[in-house]
Amino acid sequence: MGIVEVVGHLPRIWGRFRELIRTAAREKPDLAILTDSPDFHFRVARKLKRLRIPVVYLVAPQVWAWRKGRVKTMRRIMDRLLCIFPFEEKFFREHRVPATYIGHPLAGRVRPTLSREDFFRKHNLDPGRPLITMLPGSRRSEALRHLPELTRAAEILARDRPMNFVLPASPTCGAGFFAQPLAGSPIHAIEGEAWDAMAHCDVALAASGTVTVEAALLGAPMVAFYRVTGTSWAIGKLLVDIPFYSMVNLIAGKQVVPELMQNDMSGERLAVETARLLDNATERGKMKEDLARVATLLSGEGDAISRAADEVESVLENLK
């Protein structure tokens, strides 16, 4: 998420790349399964193909959104592409990339572990108040970018009516990371339990990314948002060509959840959208119906990981 944001990590990434290629040349694996991270793994795949190591690529890069020219490279370096979003298989096959839609790996796995009653009791939440779940992002840098506006939204909402606000901390951050940024805020950070927090919330405020897919699978009404640096946003606007930013809306083919991106992501706007969903049971119910349809599309045919394994076996069989 962003261009400027990754620069500081380049020396470490370059070291890992060289280590991986040296190991592949020495060990000569029968097949490589590369997962996501296209800017890294496209380079890996090129090197592997020169070593005559077949490549199965899991999680299609979003070339349908930006840098569409990469599809030519994909034809050369991938023996099989495994797609986790339903609209991708058609796109890649039309561009002569051997693609298969396997379903989303999270479908069928995302579920709460506690009942609403038990979750509220465990975290001393008032069962008579709405629950707003804050999902600022799993990385520390993105969470810090989003927290001021999320905190502002919570303060605005809390003035109008009593509410519960929880922020399930990702393993990358940990609940302790939020102690100082949330000091004096009505938001209560908890350790993990994101699926329970989403499953039992009245509205989720979710950073655009995988967590919106999880929220959709759990049927959580949500408002999606995201911010990057001004430079990354300006560059991205020139490169990205998609009707929506949220994966939930892209899968649905229409706007199911509100999207507050960059300058539109303010505490005031977040509070307005949250209050609108809380006050309009009909709209919230319609969103839940649309999210259920998205969840059905994400389920595919059977377990995604089992289908991925079948595809890998198929590639290996064809090599014999």
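Colleague: Which residues do the ring pairs link into a cluster?
Modeller: Trp14, Phe17 and Phe40 are linked into a cluster by ring pairs. Rings of Phe, Tyr and Trp (its six-membered ring) pair if their centres lie within 6.5 Å; planes under 30 degrees apart count as stacked, over 60 as edge-to-face and the rest as tilted.

Colleague: Before we go on, what kind of model is this?
Modeller: This is a predicted model, in which local features need pLDDT of at least 70 and side-chain atom pairs count only at pLDDT 80 or more, while totals for chains, interfaces and linings use all residues. Residues are numbered from 1 along each chain as its sequence is written, and side-chain values use heavy atoms, with hydrogens and water left out.

Colleague: How many aromatic pairs are there in the structure?
Modeller: There are seven aromatic pairs. One of them joins Phe42 and Tyr57, whose ring centres are 5.9 Å apart and whose planes stand at 80 degrees, so the pair is edge-to-face. This pair links distant parts of the chain, with Phe42 in helix α2 (residues 38–50) and Tyr57 in strand β2 (residues 55–58), 15 residues apart. Helices (H or I, at least four residues) and strands (E, at least two) are DSSP runs, numbered from the N terminus.

Colleague: And are Phe42 and Tyr57 buried or exposed?
Modeller: Phe42 is buried at 5% relative accessibility, and Tyr57 is buried at 0%. Buried means under 20% relative accessible area, exposed over 50%, and partly exposed in between (1.4 Å probe, protein chains only).

Colleague: What about the rings of Phe119 and Phe120?
Modeller: Their centres are 6.5 Å apart and their planes lie at 70 degrees, so this pair is edge-to-face. Phe119 is buried at 0%, and Phe120 is buried at 3%.

Colleague: Changing topic, where is Phe85?
Modeller: Phe85 sits in the loop between β3 (80–83) and α4 (88–94). Phe85 is buried, with a relative accessible area of 9%.

Colleague: What is Phe85 in contact with, leaving aside its neighbours within four places in sequence?
Modeller: Its partners are Tyr101, His104, Val213, Met247, Ile251 and Leu298, where contact means heavy atoms within 4.5 Å. Phe85 and Leu298 are 213 residues apart in sequence, yet their C-alpha atoms are 6.5 Å apart in space.

Colleague: How do the axes of helix α8 and helix α12 cross?
Modeller: The axes of α8 (residues 210–217) and α12 (residues 281–299) come within 8 Å and cross at roughly 105 degrees. Therefore α8 is roughly perpendicular to α12. Axes are lines fitted to C-alpha atoms, for helices over the stretch in contact, and angles run from 0 to 180 degrees between N-to-C directions. Angles under 35 degrees count as roughly parallel, over 145 as roughly antiparallel, 65 to 115 as roughly perpendicular and the rest as oblique.

Colleague: Which residues make that contact?
Modeller: Val213, Ala216 and Leu217 of α8 meet Leu291, Val294, Ala295 and Leu298 of α12.

Colleague: Now strand β6: why is it described as largely enclosed?
Modeller: Six of the six residues of β6 (residues 164–169) are buried, so the strand is largely enclosed by the rest of the structure. In a regular strand the side chains alternate between the two faces of the sheet. In β6, Asn164, Val166 and Pro168 are buried on one side, and Phe165, Leu167 and Ala169 are buried on the other.

Colleague: In what sense does β5 pair with β6?
Modeller: Strand β5 (residues 131–135) and β6 pair in the parallel sense over three bridges; two strands pair if DSSP finds at least two bridges between them. Thr133 has Val166 of β6 as its bridge partner.
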